[in-house]
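Visitor: Please show me the chain, and then take me through it by question and answer.

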Amino acid sequence: MPEKYRKTVVRLKVESWARDYFRHQEIIGGHKTTEEKDGSVTFEAKVCQLMEIIPHIMRWIPHVTVIEPPELKKEFHAIVDRYMKKLDA
């Protein structure tokens with residue numbers, strides 16, 4: 001997708017095993033990672049739609065935490081809640 005359509009900035013805290021994946025894979029064009037003092041990585045990218053990043057977050061639960069945007073936190077929380085309700089059924 002052309003950069004001009006990527007308007008939503010996504011920031012994630014990536015820990016443990018997931019660090020190398022988020023550092024070295026071309027997850028979203030133009031993404032960048034920053035090493036943090038605690039050993040984690042901050043992943044930052046611009047997306048057109050939140051679903052561009054959600055599958056990657058889901059793949060690496062519990063090693064990824066959504067920092068921003070708030071709407072991604074909300075959407076991801078809703079997905080996890082729906083899943084947990086299925087488990088309880």
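Guide: Strands (E, at least two residues) and helices (H or I, at least four) are DSSP runs, numbered from the N terminus, and two strands pair if DSSP finds at least two bridges between them. This is a predicted model, in which local features need pLDDT of at least 70, side-chain atom pairs count only at pLDDT 80 or more, and totals for chains, interfaces and linings use all residues. Residues are numbered from 1 along each chain as its sequence is written, and side-chain values use heavy atoms, with hydrogens and water left out.

Visitor: Which residue in strand 4 is the bridge partner of Leu12?

Guide: Strand 1 (residues 8-14) is joined to strand 3 (residues 41-47) by seven antiparallel bridges, and there Leu12 stands opposite Phe43. Strand 1 also pairs with strand 4 (residues 64-68), antiparallel, over four bridges. In strand 4 the partner of Leu12 is Val66.

Visitor: How many residues has the largest nonpolar core?

Guide: A nonpolar core is a set of buried Ala, Val, Leu, Ile, Met, Phe, Trp, Tyr and Cys residues joined through side-chain atoms within 4.5 Å; buried means under 20% relative accessible area, exposed over 50%, partly exposed in between (1.4 Å probe, protein chains only). Leu12, Phe22, Ile53 and Leu72 have the most contacts inside the largest core, whose residues number 22.

Visitor: How many residues apart in sequence are the parts that Glu68 and Arg11 tie together?

Guide: A salt bridge puts a side-chain nitrogen of Lys or Arg within 4 Å of a carboxyl oxygen of Asp or Glu. Glu68 and Arg11 form one at 3.2 Å, N to O. Because Glu68 lies in strand 4 and Arg11 in strand 1, the separation is 57 residues.
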